[in-house]
Amino acid sequence: MEIRPILSAMTRNRTGSALVAAQIAITLTVVVNCTFMAVKRLEFIARPSGMDIDNIIVVRSFGFGGDYAHDASIAKDLETLRALPGVRAVTPSWNIPMSGGGSAMGRRASLDEDAPTFNANYYRVDEHAFAALGVKLLEGRNFRPEEIMRSDAENYSQTPPTIIVTKALADRAFPGKSALGEYLYDGLNKGSEIVGIIEHMYGAWVDWDDFDKVVWLPQRPPAPSASYLIRAEPGRRDELMPVVETTLERTNRQRLLRTNSLEEIVANSYEADRATAVLLVTAIVLLLTITCLGIVGLASFTVRQRTKQIGTRRAIGARRIDIIRYFLIENWLMTSIGIALGTGLAIGLNYLLATQFDVQRLDYGYLVGGMLALWILGFAAVANPARRAAKISPAIATRTV
Amino acid sequence: MFLYYLRLAKLSLSKQPMLTALMIAAIGIGIGACMTVTAYLYVLSSDPIPEKSAHLYAVRLDSWGADQPFSRDYPWEAPWQLTQRDSVALLESPIPVRQAAMRRAVYSAIPANDSVAPFFVSARMTGRDFFDMFQVPFLYGGPWSVDADKSALNTVVLSHATNEKLFGGENSVGREARLGSESFVVAGVMDRWQPTILFYDVNNGPMNDVEDVFLPWSIAGRKEIDGAGNTNCFKDELIETYWDMLESECVYNQFWAEIASSQDLEAYQVWLDTYTEGQKELGRFERPTNNRLSTVTEYMEIRGVAGDEAWVIMCIGVLFLIACMVNTIGLILARFVAKSPVIALRRALGASKAQIFRQHLVEVGLVGFAGGILGLGLSYAGLAGLRMILEEAERAARLRPELIAMTIAIAVLSAMLAGLYPTWRICRVSPASFLKTQ
């Protein structure tokens, strides 16, 4: 019963109402899209890696000088590192998972030259890799110590007799059956037998489609560089990092060392995604604040404009709650019109971003969330001005008539 | 008259400080957010070497396999980089004024002084033309000799910082620098030089620092080096050693040519096409002829230096500004309506509609100006924040001086645009209706 006079008042002050509605509409559009994109980013960053990232130390060693003997140096380093207290496991590796640097290869699942090629990052590791990375062996077996090939071995190649692969690669190359005992072939039809399957781990590039396709080769990294993935006992990583570096420095001076935590390397790989998320969240917070302030400003102004009108209404019998209700309903109507408009706009903007840029299609749950948020925001913004309106004394009506 | 309006505006604005502050804040935050993104994108897409860029071309040949294009997303593009043998062949062309093949590598630098620990250096293997082509400033010496390129001599140009570390900043020309297991004669020391975008190799990180040492590219054909850039391969071929890689169809070299005139450009394109036609007879270049010469900025765009991400954020920034402006329209309207009685009085005393219109446009312009100043401050803060959360934005997230005036202008213009409707409405106030109730 109160809606009709409110509507008629709104149609008389069309511009003011339209502005509030427009503001709500744009805010909804931006907030829904930004929230959606920010959440997608954060989910992207938080994907489970399968590895014990928090406890792994990465040392990159880069040999130089005529006296540098690569395989001997690796053997010595491994012996030294594995003897350190607090070290749980160590594997040498050529590249570092999730670091943004790495090598990939294409392999076929059959000898047929026209069969599809499957891409995967490959890592040259030894039999300690499971323990050092904290990943799980799902099927088959680990590498045997005697399988690990020296970098100067004659048959050293990217296609060793045995390999271990991630389940993601196994399922892709051999759908519907176990990949154990199957072969992956290189371009010259040389094959490697799959002897083990890793439950899950990630490869080199966080934004690569084949990020979860990984192959392990039982080999020492080629000269002159080698990395060590060192898994510390839980919680002892930071105390161990300087120890590892000084110990290795002492073992062999014919090389350069660089020590980082895997956590820091992974954070670096996701830096741009994190920055985008931060920017989006900043935009959301700022815009909601501005919209809120705008509504407060306009509502306060309306209250002041209508002082006399409110006084008159109070004088002829309207209770305080009626005045408050009037403002709340009026605001609710404007907000709702804005939300209706904004819903269309939000879907439109997402469509535009999805077709022009690499943005996913909007999940409509976010739209519902955005609507609720803006309704609440509208109420919160108008609450104080409405309360002030209710305080206007009826006597004011009599003063200036 | 303008100054009088300005005085009136100041007077009227100071009467409702809350509303005025709110308007300035709305414009300021809108402009600040929008300009933060704009300033970043502006740097990412502006020409990093304007004096020279009209003559510089990134050269690419489509050497890829018949089955699939190099890039699934841009199937019409040639590979981003070149094979070793094509790079060697291209250097034979007589048409470019200057030209250089290049790739990235890593070396260890061992100071002569034992008390300084060895350190990693990033290296660019390139030709002597690199330095003149890209106008690299030298502190001591200069590019190495033509002979050094031809005979792959051990010679080096050091960056300013590397010379500081290895030789304490002295003139080291002619002295020997130890890199890896070999010695290199210093041909020159560069002065400080750092393009905002590393335009000559956007494949391997457009925000990277300029390399620490520069060595003749021909060395990579003579002995094993530690390459440190993207490598892409398509062919089923056996690549086990460094030498297999040199012979392979894998691409990892960049190639730049300086072309004097548009006639030369046409001639060069013909030269390239003739070369690849010849290669087709050898069974290479399985795809239709697609040899590309791109300018510096074209190539930056093709390789997405600015990135989709930045454009999405830019869209959001513009919408953000619009939201702030709608907000401002409402606030201006509220102010002006409140002022109606005063305006009615002025009209009654003889002010014309046009004068009222101008007066209030000046008023909103002043609000816009204040908002612009606030926005400028906020964009400085925003860019500083961006540099904090994104390391690669360190050099690019800066407000170029030419954008400062633009920021203020956009603020004033958008405030006036926002004020247009309220101002128009205020002009239509009929003097009589308000004077009655005074």
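Predicted model: local features only at pLDDT ≥ 70, side-chain atom pairs only at ≥ 80, totals over all residues.
**Notebook: helix pair, sheet, chain contact**

I looked up helix 2 (residues 17-45) of chain B against helix 10 (residues 307-348) of chain B: the two pack at about 160 degrees, and their axes are 9 Å apart. Angles over 145 degrees count as roughly antiparallel, so helix 2 of chain B and helix 10 of chain B get that label. I also checked the handedness: helix 2 of chain B makes a left-handed crossing with helix 10 of chain B. Then I sorted the residues in the contact of these two helices by class and got 24 nonpolar, four polar and one charged.

Next entry: overall form of chain A. I count twelve helices and eleven strands in chain A. The radius of gyration of chain A comes out at 33 Å, whereas a compact globule of 401 residues would have one near 21 Å. I also took the spans of the C-alpha trace of chain A along its principal axes, and they are about 105 × 50 × 35 Å.

Then the sheet. I found an open, four-stranded one in chain A, with strand order 2-10-1-11 and antiparallel pairing. Strand 2 (87-93) and strand 11 (255-261) of chain A each have a single partner strand, so they are the edges, and one side of each has no neighbour in the sheet. From one strand to the next I get an average twist of 20 degrees.

I zoomed in on one strand pair there. Strand 1 (residues 56-63) and strand 11 of chain A run antiparallel and are joined by seven bridges.

Last entry: the contact between the chains. I get 40 residues from chain A and 38 residues from chain B. On the chain A side, helix 2 (14-45) and helix 8 (271-305) each supply at least two residues. Helix 8 of chain A gives the largest share of that side, 17 residues. By class, the chain A side splits into 24 nonpolar, 13 polar and three charged residues.

Terms used. Residues numbered from 1 in each chain as written. Chains lettered and ligands numbered in written order. Contact = placed C-beta atoms within 7 Å. Nonpolar A, V, L, I, M, F, W, Y, C, P; charged D, E, K, R; others polar. Pairing = 2+ DSSP bridges. Axes fitted to C-alpha atoms, helices over the stretch in contact; angles between N-to-C directions. Parallel < 35°, antiparallel > 145°, perpendicular 65-115°, else oblique. Left-handed = near helix turned anticlockwise from the far one by under 90°. Rg over C-alpha atoms; globule rule 2.2 N^0.38 Å.
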